Amino acid sequence: MDSSGSPHGHHHDEDIEENIISQQNPSKGGWTAAIFIIFVEMAERFAYYGMSGNLITYLTNELEEPIPMAAKNVNTWTGVSALLPLLGAFIADSFLGRFTTILVSSIIYCMGMSLLTVTVSVVPLHLRKAMFFVALYILSVGLAGHKPCVQTFAADQFSEDSPEERKAKSSFFNWWYLGIIVAGSAAILVVIYIQDNVSWAAGFGIMTGSMVVALILFLLGIKKYRKEGPLGSPFTKVAQVFVAAVRKRHTEVTTGDSSGVYFGDDTSPQQPLSSVHTNQFRFLDKAMVIDHLDASSETINPWRLCSLDQVEQVKLLLRLIPIWIFCLMFAVVQSFVQTFFTKQGSTMIRSIGSFQLPQASLLIFVGLTIIVVIPIYDRAFVPTARKFTGHPSGITMLQRIGTGLLISIITMVVAAVVEAKRVKIIRDHNLLDNPKAIVPMRVWWLVPQYVISGLSDVFAFVGIQELFYDQMPEAMRSLGAAFYLSVTGVGNFISSGIITLVQVISSKYGEKWISDNINRAHLDYFYWVIAALSTLNLCIYVWIAKGFVYKKS
């Protein structure tokens with residue numbers, strides 16, 4: 001059998017290659033196109049953070065939900081919104097392409113924001129809760145297509161074939177995240193203040209306007225973008241490798257012998273491959289071995305024989321799964337920033353003279369930390385670290401993520417110490433059974449845990465973003481962005497599960513550690529448990545990261 005032939009079963013692969021090459025138009029793309037998409041994302045994040053940052057306040061104060069229920073509802077919505085992008089990414093990669101998916105989802109997003117604005121302003125109280133959650137989950141559908149595609153579409157504007165653009169792409173992820181945080185910080189300063197001091201309707205109206213601006217900006221840059229159509233279902237390619245490997249489970253694979261291995265339609269062992277053979281998951285190597293049935297067939301059956309590149313791409317996915325699992329604990333820690341940290345702040349002195357600081361506004365310190373640290377990281381830390389490590393990014397993506405996981409443990413330790421201090425003051429002033437009383441303790445005590453949380457974001461979240469873009473096969477990069485987002489989604493579900501479990505266990509041995517009366521609760525004990533779980537998680541992550549094999553550049 002001639003592996004250099006062009007059997008009918010692989011015409012689709014040629015179409016995909018032409019599709020990828022066609023987007024590399026030198027007159028389009030680069031920073032000129034990417035800057036448009038960055039501003040689109042900033043407008044969308046302004047709307048998202050303005051809503052999510054104060055969501056627990058709306059649920060507890062306006063819809064009168066108990067604190068534990070409100071925290072779970074926030075986590076559930078955040079989780080669903082971060083998991084639905086897996087479906088959005090599949091639709092983008094398989095059917096619509098990234099550009100069309102962003103356009104359609106942005107329109108749905110605008111519809112959801114408009115309905116939220118109408119709900120909080122004119123819908124009667126007895127119908128408001130149901131309508132509010134309907135609008136909230138319409139927003140999730142919009143996020144499903146928007147989130148996995150926008151960042152990938154922006155990164156696609158930088159060509160892999162140009163050394164300069166490849167270097168710019170690494171820097172892009174830092175500035176992309178910075179843009180998101182600037183927008184989120186602006187939302188916290190402006191929108192949350194308006195929600196607390198003017199009206200919820202005015203706050204949601206501003207966010208709806210922001211989404212309309214995002215849609216207009218996206219359309220203005222239409223002639224500057226490098227666009228590609230759908231690249232075909234990534235799940236089919238993955239399934240073919242597993243099916244072929246199972247069908248040839250009795251076939252022997254000789255280590256180091258490239259004869260009898262299928263390299264693809266247009267590739268021989270002497271020609272360069274986009275992937276190099278690795279020794280992990282060697283069972284899958286059977287899928288690329290040409291047996292007597294393959295050799296006697298005039299056409300290639302893709303469910304019996306896969307190329308080396310295809311097999312190695314599936315291995316890439318499998319290598320990323322353990323990393324994904326052990327990043328989930330980081331998302332659990334970050335979920336508390338928008339729930340319990342906010343409720344702690346609501347019990348403390350928030351006045352600056354005659355001005356009353358909105359309870360969710362301390363989130364600004366997460367944003368400010370990122371705004372300050374990312375330029376320092378990009379312009380000072382990376383060049384300095386590069387001199388010692390020789391790595392283009394200063395440190396590897398996995399080292400960056402690991403550093404973020406370590407810092408997140410410090411977040412929980414500091415939060416536990418500060419909460420113990422708050423509870424001591426509550427006891428000293430006899431306020432245990434008066435949860436609505438203001439504790440004689442300044443809200444600035446919470447600032448360190450917000451700042452450390454922002455620092456962990458700089459390392460972990462940006463690192464996860466880059467890892468799941470860089471290490472994914474090119475045809476699966478929307479899916480990679482969705483996997484990155486799903487870390488937050490699954491992390492929030494795990495957070496809700498841990499809250500429920502802690503409530504059940506602690507109630508059997510005394511007072512609940514997490515209750516509607518935050519003064520009698522034991523959030524400090526809860527934070528110590530999370531710190532211990534995070535430490536165990538980090539140890540396993542380091543062990544897995546040491547054996548990780550990066551794909552060929």
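**Exercise 1. Determine which residues Lys248 touches, and whether Lys248 is buried or exposed.**

Solution. The model is predicted: local features require pLDDT of at least 70, side-chain atom pairs count only at pLDDT 80 or more, and totals for chains, interfaces and linings use all residues. Residues are numbered from 1 along each chain as its sequence is written, and side-chain values use heavy atoms, without hydrogens and water.

Step 1. Locate the residue: Lys248 lies in the loop between helix 10 and helix 11 (292-296). Helices (H or I, at least four residues) and strands (E, at least two) are DSSP runs, numbered from the N terminus.

Step 2. List its contacts (heavy atoms within 4.5 Å). Leaving aside residues up to four places away in sequence, Lys248 touches Lys286, Ala287, Val289, Asp291, Asp294, Arg304 and Leu305.

Step 3. Classify the accessibility. Buried means under 20% relative accessible area, exposed over 50%, and partly exposed in between (1.4 Å probe, protein chains only). Lys248 has 2% relative accessibility and therefore counts as buried.

**Exercise 2. Describe the location, accessibility and contacts of Ile438.**

Solution. Step 1. Ile438 is found in the loop between helix 16 (397-428) and strand 4 (439-442).

Step 1. Its relative accessibility is 43%, so Ile438 counts as partly exposed.

Step 2. Ile438 touches Ser346, Thr347, Met348, Ile349 and Leu431, not counting residues up to four places away in sequence.

Step 3. Between Ile438 and Ile426, 12 residues apart in sequence, the C-alpha to C-alpha distance is 9.4 Å.

**Exercise 3. Characterise the crossing of helix 10 and helix 12.**

Solution. Step 1. The axes of helix 10 (residues 234-247) and helix 12 (residues 308-325) come within 9 Å and cross at roughly 105 degrees. Axes are lines fitted to C-alpha atoms, for helices over the stretch in contact, with angles from 0 to 180 degrees between N-to-C directions.

Step 1. Helix 10 is therefore roughly perpendicular to helix 12, a class that spans 65 to 115 degrees.

Step 2. Helix 10 contributes Lys237, Val238, Gln240, Val241 and Phe242 to the contact, and helix 12 contributes Gln310, Val311, Val314, Leu317 and Leu318.

Key. Parallel < 35°, antiparallel > 145°, perpendicular 65-115°, else oblique.
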